[in-house]
Amino acid sequence: MGGDSNTTIKLSISDIRKGVVRQPARPALVFLHGDYIGAAVFLDRAEVVIGRSANADIRLYDSLASRLHAQIRTVKSEQGKGEYILCDLGSTNGTFVNGEQISAPRRLMDNDKIKIGNHILKFALLDEFDSEFQNRVYNLILHDELTGLLSSRSFFAELERELERSKENDFAFSVLMMDIDHFKAVNDRFGHLIGSQTIKQVATILRSILRDTDIVARYGGEEYVAFLPETAAEKAMIVAERIRKAIAGHPFPASLHDPKATHHITISIGIASFPKDSLNPEHLVELSDKALYRAKESGRNCVCVYSQALDEQQ
């Protein structure tokens, strides 16, 4: 039942220039592939360590990255300008610049591509316009354009981080997969603009019920996915029921012109939990989707918690 919502990036030069104060270019790493894609991390410290460890300055959730994988040092050249030196810290899988593995300290040049594990980062000197543009691109990649929720890509990155955190601290957490029931009928009866408004208002209801520490995303179409940190399946069921009842009782606008015209919808929800059901983030989402499918089969407008019995019945 999954999918990924597409984001169209719409930026103009005039948008970027508004309210931007000119500043000197600053060294940064821009994520081109992997976690935080589109994000720019500025190298404002004399030494910046990159790796998988919680002690790294830039932490990568990447099994191919060593705990303390590489370091970037800022040094002054003879002309007094800053130079940026990349060193591998004895990593298992190596550090690569522009496709070549480095065996000695390497002076970075503007637009050099650094590969560490599954991550690719671009070294860049960003002025204020570059910085603002990069920040806006990152936010557009991070969020779904219609609802403002996280995109599914961003959700999985957050889910990976939560899984590592929960492993380290022996916490449980739960994943909720949610799907609006009979949504095609909403589009067919009221039109796609009302359908889009409905999707947007469901997102608002989800945000109002979930905690600030919970992470929710638009998974695609009329589907949403969330994870609830430090929440086992029993408590997640209570939250899911609260969501289900709130959406079933909410009057959604049925017309762009008549504020009194409303319609009602319901939602089905599937739940899977870490570590009880799986230790793998993608598998947890898959299992919550199985539970959602059973909720649909059971008549919709209900909540189903995953159990192995669901696999045996299929």
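Visitor: Is Tyr 219 buried or exposed?

Guide: Please bear in mind that this is a predicted model. Buried means under 20% relative accessible area. Tyr 219 has a relative accessible area of 12%, so this residue is buried. Phe 156, by contrast, counts as partly exposed, because its relative accessibility is 21%.

Visitor: How is a pair of aromatic rings described?

Guide: Such a pair is described by the distance between the ring centres and the angle between the planes. The structure holds seven aromatic pairs. In one of them, the ring centres of Tyr 84 and Phe 123 are 5.4 Å apart and the planes stand at 45 degrees, so the pair is tilted. Tyr 84 belongs to strand β6 (residues 82-88) and Phe 123 to strand β11 (residues 119-126); the pair thus links distant parts of the chain, 39 residues apart. Both Tyr 84 and Phe 123 are buried.

Visitor: At what angle do the ring planes of Phe 156 and Tyr 219 stand?

Guide: Their planes are at 50 degrees and their centres 6.3 Å apart, so this pair is tilted. Phe 156 lies in helix α3 (residues 152-169), whereas Tyr 219 lies in strand β13 (residues 215-220), so the pair ties together parts 63 residues apart in sequence. Phe 156 and Tyr 219 also belong to one aromatic cluster, together with Phe 155, Phe 173, Phe 227 and Phe 274.

Visitor: Which charged end sits over the ring of Phe 42?

Guide: That of Arg 26, at 3.9 Å from the ring centre.

Visitor: In what order do the five strands of the open sheet run?

Guide: The order is β4-β3-β5-β6-β9, with mixed pairing. β4 (58-59) and β9 (106-107) stand at the edges; each has a single partner strand, so one side of each lacks a neighbour in the sheet. Within the sheet, strand β3 (residues 47-51) pairs with strand β5 (residues 70-76) in the antiparallel sense, over four bridges. Glu 47 stands opposite Arg 73 in β5.

Visitor: Where is Ser 278 found?

Guide: Ser 278 is in the loop between β17 (267-274) and α7 (281-297). With a relative accessible area of 8%, Ser 278 is buried. Its side chain makes a polar contact of 2.9 Å with the side chain of His 283, and a polar atom of that Ser 278 side chain lies 3.1 Å from the backbone nitrogen of Asn 280. Leaving aside residues up to four places away in sequence, Ser 278 touches Ser 273, His 283, Leu 284 and Leu 287.

Technical notes:
Residues are numbered from 1 along each chain as its sequence is written. This is a predicted model: local features need pLDDT of at least 70, side-chain atom pairs count only at pLDDT 80 or more; totals for chains, interfaces and linings use all residues. Side-chain values use heavy atoms; hydrogens and water are left out. Two strands pair if DSSP finds at least two bridges between them. Helices (H or I, at least four residues) and strands (E, at least two) are DSSP runs, numbered from the N terminus. Buried means under 20% relative accessible area, exposed over 50%, partly exposed in between (1.4 Å probe, protein chains only). A polar contact is a pair of N or O atoms within 3.5 Å; within protein, one must be able to donate a hydrogen and the other to accept it, and residues adjacent in sequence count only if both atoms are side-chain atoms. Contact means heavy atoms within 4.5 Å. Rings of Phe, Tyr and Trp (its six-membered ring) pair if their centres lie within 6.5 Å; planes under 30 degrees apart count as stacked, over 60 as edge-to-face and the rest as tilted. A charge sits over a ring if NZ of Lys or CZ of Arg is within 6 Å of the ring centre and within 35 degrees of the ring normal.
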